[in-house]
Amino acid sequence: TYMKILFVCTGNTCRSPMAQAILQEKIDKEALKNIEVDSAGIFCGFGEPMSRHTAEIIEEMDIFFTHKSQPVTSKLLSTCDIVVTMTREHKKLLAGQVEEKRLFFFYYITGDGDIADPYGGDSSSYRAVEAQLRRAIDKVLSLARRETE
């Protein structure tokens with residue numbers, strides 16, 4: 001079955017593009033043909049670049065990845081099978097716009113805490129987010145597969 005996963009954070013310049021890139025890296029390496037991934041922000045405009053530290057981390061991955069921020073819209077949400085937010089708070093903000101059975105937050109999936117916003121932090125705070133997202137990505141995929149079967 002074909003599946004589209006959307007990662008959502010606040011500004012769509014740090015956490016959600018990093019999650020998107022980590023999953024894209026896995027899709028590319030394992031040739032997962034039936035999965036598409038995107039990202040968006042709850043409070044953001046169109047066309048902002050990734051934060052510098054996020055871009056540095058993604059550049060190390062062996063993938064083709066370009067990114068400009070986009071806000072969450074009802075049209076975008078309607079095209080996604082699973083929406084995964086970085087925090088419980090993000091999930092609450094989207095609750096009226098996405099069916100409950102398609103809306104999740106990282107802590108629910110992994111038990112590994114919310115994905116804290118590294119914005120304004122140093123490189124190590126971004127690396128901590130990367131590590132947390134990498135630990136979570138297989139669990140996100142297995143949840144998505146379960147929910148779309």
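Reply: The turns below treat salt bridges and then one histidine. The model is predicted, so local features need pLDDT of at least 70 and side-chain atom pairs count only at pLDDT 80 or more, while totals for chains, interfaces and linings use all residues. Residues are numbered from 1 along each chain as its sequence is written, and side-chain values use heavy atoms, with hydrogens and water left out.

Me: How many salt bridges does the structure hold?

Reply: A salt bridge is a side-chain nitrogen of Lys or Arg within 4 Å of a carboxyl oxygen of Asp or Glu. The structure holds 14 of them. One joins the side chains of Arg134 and Glu25, at 2.8 Å from N to O. This pair links distant parts of the chain, 109 residues apart: Arg134 lies in helix α6 (residues 123-148) and Glu25 in helix α1 (residues 15-29). Helices here are DSSP runs of H or I with at least four residues, numbered from the N terminus.

Me: Which residue forms a salt bridge with Glu130?

Reply: Glu130 pairs with Arg134, the closest N and O atoms being 3.1 Å apart. The two are separated by about one helical turn, because they stand four residues apart in helix α6. Through salt bridges that share partners, Glu25, Lys29, Glu60, Arg127, Glu130 and Arg134 are joined into one network.

Me: Is Arg134 buried, partly exposed or exposed?

Reply: Buried means under 20% relative accessible area, exposed means over 50%, and partly exposed lies in between (1.4 Å probe, protein chains only). Arg134 is partly exposed at 34%. Glu25 is buried at 11%, and Glu130 is also buried, with a relative accessible area of 11%. In another salt bridge, Arg102 and Glu99 have their closest N and O atoms 2.6 Å apart; Arg102 is buried at 15%, whereas Glu99 is partly exposed at 42%.

Me: Where is His90 placed, and what does its side chain meet in polar contacts?

Reply: A polar contact is a pair of N or O atoms within 3.5 Å; within protein, one must be able to donate a hydrogen and the other to accept it, and residues adjacent in sequence count only if both atoms are side-chain atoms. His90 sits in helix α4 (residues 88-94) and is buried, with 5% relative accessible area. Its side chain makes polar contacts with the side chains of Thr10 (2.8 Å) and Thr87 (2.9 Å).

Me: Which residues does His90 touch, not counting those up to four places away in sequence?

Reply: Contact means heavy atoms within 4.5 Å. On that count, His90 touches Val8, Cys9, Thr10, Arg15, Ile42 and Thr85.
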